[in-house]
Amino acid sequence: MRHREMASGGGHDAAAFGAAGIPAAMLFVRNQNGSHNPHEAMRMEDFAEGCAVVAHWLREAAG
């Protein structure tokens, strides 16, 4: 799938886990109207692709 790797200011939770020695990753699903507003909009196709990525990560972690 098409994707973009980019720095994000949303990494504070992952950083806290990392500082405690817990591996962490974050996956952001695009939102057409931006985040943290009452009119957030996410396409279900984008959500489904994000779920597929997380499922892949879990399969890899399980070996």
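Q: How much space lies in the largest pocket?
A: In this predicted model, the largest pocket holds about 1200 Å³ of space.

Q: Which residues lie nearest the centre of the largest pocket, and how many line it?
A: The lining consists of 23 residues, and those nearest the centre are H3, R4, F28, V29 and R30.

Q: What does the lining look like by class?
A: The lining of the largest pocket has eight nonpolar, eight polar and seven charged residues.

Q: What is the idea behind a salt bridge, and how many are counted here?
A: Side chains of opposite charge can pair when their charged atoms come close. By the rule used, the count here is one salt bridge. The side chains of R30 and D46 form this salt bridge, at 2.8 Å from N to O.

Q: Which parts does the pair of R30 and D46 tie together?
A: R30 lies in the loop between α1 (12–19) and α2, while D46 lies in helix α2, so the pair ties together parts that are 16 residues apart in sequence.

Q: Are R30 and D46 buried or exposed?
A: R30 has a relative accessible area of 51%, and the cut-off for exposed is over 50%, so R30 is exposed. D46 has 16% relative accessibility, and buried means under 20%, so D46 counts as buried.

How values were computed
Residues numbered from 1 in each chain as written. Predicted model: local features only at pLDDT ≥ 70, side-chain atom pairs only at ≥ 80, totals over all residues. Heavy atoms only, no water. 1 Å grid on protein atoms, 1.4 Å probe; cavity = no way out; pocket = protein on both sides within 12 Å on 5 of 7 lines; lining within 4 Å. Points joined across faces, edges and corners; volume = space filled by probe spheres on them. Nonpolar A, V, L, I, M, F, W, Y, C, P; charged D, E, K, R; others polar. Salt bridge = Lys/Arg side-chain N within 4 Å of Asp/Glu carboxyl O. Helix = DSSP H or I, 4+ residues; strand = E, 2+ residues; numbered from the N terminus. Buried < 20%, exposed > 50% of the residue type's maximum accessible area, 1.4 Å probe, protein only.
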